[in-house]
Amino acid sequence: MSDHPLIAVTRWIPDDAVKVLADAGEVRVSELDRPLTPEELRSFVAGATAIVAMLHDRIDASVAEAAGPQLAVVANVAVGYDNVDVPALAARGVTVTNTPGVLTDATADLAFGLLLAVTRRLGEGERLLRAREPWSFHLGFLLGSGLQGKTLGVVGLGQIGRAMAERAAAFGLRIVYSGRSAKPDFAGEFVSFEDLLRRSDFVSLHCPLTPETRHLIGAEALRAMKPTAYLVNTTRGPVVDEAALADALEAGEIAGAALDVFEHEPRVEPRLLARDDVVVTPHLGSATVETRTAMAVLAARNVTSVLAGDAPLTEVAP
Ligand code: DGY
């Protein structure tokens, strides 16, 4: 490995992380305030030994090829790594890392905040005031749905799903969860995905995006939910079929949805944007100063570990 390897960072990262990287090589950070196009990405990484990638970068064999045979590590600054073709990189001997753990609380906080926002109609209330609409307190005004005594269904009980469940339990919700296997150390009830849809008043998605979970929430799943139920998505947009969601809301098949991630990000299905029973935020799950700094520093440390010939802190299993 070269004495001064090139580390290509595809978009702005906090200074703390740049400092970590600068001890290990020459740091080249994209100056564009937008995702690189596939062509720009390939030309940007040419000659790199390490790539620090964002979740909007598609890192596949063509990117590895463009970087060159010295490419040793791709550090994704996200816990999700559906944007990285891990087998293709592993076949070239490239290590892939992600950033689990450091964003658990921030993301669960946002998921719970979205649950409150959609059930208590916070967006609607705010829009009404900003539109300078006349209003006065009355007992039937902008009534939402209470949480206490109701059931939250957590789809995917990983670190973030569990943290969401802990928040919900503190608010007096019962927890059911679905996933690959029961977690004996967790107090909630393990149920099938179908039972979860049928029984939950609120469904919160925390499974990773894989070929199996793409459109997990489609027309059939939405029809299986209660007409009074709300959907929260803070994982990856394509887990939800947005057109089917808009259809279901229009048909009154569920009561509302709160989305932080979108099927064709950054685009949002216009029919969802037009609805008062939908709350939308622009992929803010981990967006606190502390968390985003911790994510970038963890990614940087993964790079420096691999460049030093050590095992990375958080490697994605090939
Ligand atoms: C992730 O890390 O996968 C989130 O979506 C961004 O914080």
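Student: Why does Leu129 count as partly exposed?

Tutor: Leu129 has 48% relative accessibility. Buried means under 20% relative accessible area, exposed means over 50%, and partly exposed lies in between (1.4 Å probe, protein chains only). The value of 48% falls in between, so Leu129 counts as partly exposed. Please note that this is a predicted model, in which local features need pLDDT of at least 70, side-chain atom pairs count only at pLDDT 80 or more, and totals for chains, interfaces and linings use all residues. Residues are numbered from 1 along each chain as its sequence is written, and side-chain values use heavy atoms, with hydrogens and water left out.

Student: Where is the place of Leu129, and what do Leu129, Trp135, Phe137 and Leu139 form on the surface?

Tutor: Leu129 belongs to helix H6, residues 122-130; helices (H or I, at least four residues) and strands (E, at least two) are DSSP runs, numbered from the N terminus. Together with Trp135, Phe137 and Leu139, Leu129 makes up a nonpolar patch with about 550 Å² of accessible area. A patch takes residues with over 30% relative accessible area and no salt bridge, joining like charges within 9 Å and nonpolar side chains (Val, Leu, Ile, Met, Phe, Trp, Tyr) within 5 Å. Accessible areas come from the Shrake-Rupley method with a 1.4 Å probe, and for residues only the protein chains shown count as cover.

Student: Helix H6 also holds Gly125. What makes Gly125 buried?

Tutor: Its relative accessible area is 18%. That value is under 20%, so Gly125 is buried. The C-alpha atoms of Gly125 and Leu142 are separated by 7.4 Å, and these residues are 17 apart along the chain.

Student: How do you know that Arg198 and Asp195 meet in a salt bridge?

Tutor: A salt bridge requires a side-chain nitrogen of Lys or Arg within 4 Å of a carboxyl oxygen of Asp or Glu. For Arg198 and Asp195 the N to O distance is 2.8 Å, so the pair meets this rule. A search of the whole structure finds 18 salt bridges.

Student: Why are Arg198 and Asp195 separated by about one helical turn?

Tutor: They are three residues apart in helix H8 (residues 193-199), and this gives a separation of about one helical turn. Asp195 counts as partly exposed, because its relative accessibility is 26%.

Student: Which parts of the chain does the pair of Arg162 and Asp185 link?

Tutor: In this salt bridge the closest N and O atoms are 3.2 Å apart. The pair links distant parts of the chain: Arg162 is in helix H7 (residues 159-170), while Asp185 is in the loop between strand S7 (174-178) and strand S8 (189-190), 23 residues apart. Asp185 has a relative accessible area of 58%, which is over 50%, so Asp185 is exposed.

Student: Lys226 forms a salt bridge with Asp201. Is Asp201 buried or exposed?

Tutor: The relative accessible area of Asp201 is 12%, so Asp201 is buried. Lys226, at 26% relative accessibility, counts as partly exposed. The closest N and O atoms of this pair are 3.0 Å apart.

Student: How is the protein chain divided?

Tutor: There are domain 1 (6-102 + 289-307) and domain 2 (104-280), with bounds from an automatic or database domain assignment. The contact, meaning heavy atoms within 4.5 Å, takes nine residues from domain 1 and six residues from domain 2. Their centres, taken over C-alpha atoms, are 31 Å apart.

Student: What area do domain 1 and domain 2 bury between them?

Tutor: They bury about 520 Å², with 46% of it on carbon and sulfur atoms. Buried area is the accessible area (1.4 Å probe) that two parts lose on being put together, summed over both. Leu55, Asp82 and Gly101 supply 64% of the area that domain 1 buries against domain 2. Across this interface the rule finds one salt bridge.

Student: Why does Thr10 count as buried?

Tutor: Thr10 has 0% relative accessibility, which is under 20%, so Thr10 counts as buried. Thr10 lies in the loop between strand S1 (6-9) and helix H1 (15-22). Not counting residues up to four places away in sequence, Thr10 touches several residues, including Ser30, Leu36 and Phe44.

Student: What makes Ser286 buried?

Tutor: Its relative accessible area is 10%, so Ser286 is buried. Ser286 lies in the loop between strand S12 (278-280) and helix H12 (289-307). With residues up to four places away in sequence left out, Ser286 touches others, among them Leu103, Ala106 and Met295.
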